[in-house]
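Visitor: I have a protein model to look at. Can you walk me through its strands?

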Amino acid sequence: MTETLQSKNSCELILALDIEEREDALALLAKAGPDLKWAKIGLQMFTKYGPDYVRQIADLGVNVFLDLKLHDIPNTVAKAIESVGKLPIQMLTIHTCGGKEMMQWAVRAQENVNPSLQLLGVTVLTSMDQSSLDLLGIRQSPVERVTHLAGLAKDAGMTGLVCSTHEVKTIREAHGDHFQLITPGVRPAGSAAGDQKRIMTPAQAREVGSNYIVVGRPIYGAEDPAAAVAAINAELNA
Ligand SMILES: O=C(O)c1cc(=O)[nH]c(=O)n1[C@@H]1O[C@H](COP(=O)(O)O)[C@@H](O)[C@H]1O
């Protein structure tokens, strides 16, 4: 499928395939059908099944978000991007807390290997709250920390971020539509938060200005995952 990054005022669902078995993931995508345009492959499945699995998912016609959250010295991150950037993927994550130089090297590598690949800088994980930052010795609130990292990412040439829905408004105020904003930590009303701390519903995520929401357990853990996809899409398009 050709790359279809979202326009600024619509919001699209990305299904996080944090699933044990390849066959179960394929069956889930088949059941979800054409309503689902994006699948995220994270560390769980990439470390188990590797690049061939990425090609297999892409062959089904969904856009692939490869979530490796790269965080290392600039050279190592750049070389990793040169490797995975050749895969049929539309999005790839690195950690903004790897620093400005690491992000600059990452952007250069991405532009060389795959100019249409959307590199995303992960800011403060949605599983963290103020007390998690306090324990790390970070004397900023989550929104202050994300705002700081967003500025650094912009200076490094980044155009995409992963943050929580709670920071979208502040980032938009500071940077307009510069960034594609991808927000995990989204929960349909009534579903369990699990380890997620900074959460909103799909409708609220769209309302604040997210370009994409990432949802995993509320879909693949549902009795009828295809119905869960349809319900979230209905909420995003209402
Ligand atoms: O980079 C991510 O995708 C990510 C960043 C973040 O801050 N929080 C977060 O939950 N994620 C990912 O988003 C997905 C959320 O899954 P659920 O909590 O099951 O909906 C997981 O695959 C996480 O790895």
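Guide: Start with one term. Two strands pair if DSSP finds at least two bridges between them. Keep in mind that this model is predicted.

Visitor: Which residue in E2 is the bridge partner of alanine 16?
Guide: Strand E1 covers residues 12-16 and runs parallel to E2. Three bridges join E1 to E2. For alanine 16, the bridge partner in E2 is lysine 40.

Visitor: Which residue in E3 is the bridge partner of lysine 40?
Guide: E2 and E3 also pair in the parallel sense, over four bridges. In E3, lysine 40 has as its bridge partner phenylalanine 65.

Visitor: What hand does the β-α-β crossover from E2 to E3 have?
Guide: The chain leaves E2, passes through helix H2 (residues 43-59) and reaches E3. E1, helix H1 (residues 22-32) and E2 make a right-handed β-α-β unit. The crossover from E2 to E3 is right-handed.

Visitor: Are the residues on the two faces of strand E2 buried or exposed?
Guide: Take residues 38-41 side by side. Trp38 and Lys40 lie on one side, Ala39 and Ile41 on the other. Both faces are covered, and all four residues are buried.

Visitor: Why does lysine 69 count as partly exposed?
Guide: Lysine 69 sits in strand E3 (residues 63-70). Buried takes 20 or more other C-beta atoms within 10 Å, and exposed takes 12 or fewer. Lysine 69 falls in between, because its count within 10 Å is 16 other C-beta atoms.

Visitor: What is phi of lysine 69 near?
Guide: Most residues other than glycine have a negative phi. Lysine 69 has a positive value, near 45°.

Definitions and conventions
Residues numbered from 1 in each chain as written. Predicted model: local features only at pLDDT ≥ 70, side-chain atom pairs only at ≥ 80, totals over all residues. Right-handed = clockwise from strand over helix to strand, strands pointing away.
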